[in-house]
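Work through the exercises below with the sequence and the model open. Each task is followed by a solution in steps.

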Amino acid sequence: MVSENRKIKTDLVEAVERFAQRISTPLTEVVILNFQPDFQLTTGKSHLIYRVLQELIGNALKHAQCSSVFVKFERQDNWLIIQVEDDGSGMSENQIETGLHSIKERVSALSGTVAIQSSEGMGTTVKIQIEIG
């Protein structure tokens, strides 16, 4: 059996899929959509992105009371676009501004951007863009 840390180095999407399988419950499903499988990342970038996605998925399951979480990977030119969307309770403006600090720091360390859209009772969408060359 290959360790999860080893998987991060070889295939980010596959590692996230394995995490999603482990964390999904009968009440909450985590779905991974990969529309552009041909992107290459360094091990360091893969690791940071994996940790960001672990935190986003974990937060959705723990705090949002959602029934589904979708994680979409897409490549647009030289950018990897990752979108995490849940159908949970959403966040207030104050929660958006003060929350997700470690996620913002990690994505910033990758010279990427994070956009958060949410409103109470309507779920949350987090869009991450990282240049991949």
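**Exercise 1. The sheet.** What is the order of the strands in the open sheet of five strands?

Solution. The model is predicted, so local features need pLDDT of at least 70 and side-chain atom pairs count only at pLDDT 80 or more, while totals for chains, interfaces and linings use all residues. Residues are numbered from 1 along each chain as its sequence is written, and side-chain values use heavy atoms, with hydrogens and water left out.

Step 1. Strands are DSSP runs of E with at least two residues, and helices are runs of H or I with at least four, numbered from the N terminus. Two strands pair if DSSP finds at least two bridges between them.

Step 2. The order is S1-S2-S3-S5-S4, and the pairing is mixed.

Step 3. S1 and strand S4 (113–118) each have a single partner strand and stand at the edges, so one side of each lacks a neighbour in the sheet.

Step 4. From one strand to the next, the twist averages 15 degrees (axes are lines fitted to C-alpha atoms, for helices over the stretch in contact; angles run from 0 to 180 degrees between N-to-C directions).

Step 5. S4 and S5 run antiparallel and are joined by six bridges. Ala115 stands opposite Lys127 in S5.

**Exercise 2. A loop residue.** Is Thr28 buried or exposed?

Solution. Step 1. Locate Thr28 in the loop between helix H2 (12–23) and strand S1 (29–34).

Step 1. Thr28 counts as buried because its relative accessibility is 10%.

Step 2. Beyond neighbours within four places in sequence, Thr28 is in contact (heavy atoms within 4.5 Å) with Leu61, Cys66, Ser67 and Ser68.

Step 3. A polar atom of the Thr28 side chain lies 3.0 Å from the backbone oxygen of Cys66.

Terms used. Buried < 20%, exposed > 50% of the residue type's maximum accessible area, 1.4 Å probe, protein only. Polar contact = N/O pair within 3.5 Å; in protein donor to acceptor, adjacent residues only side chain to side chain.
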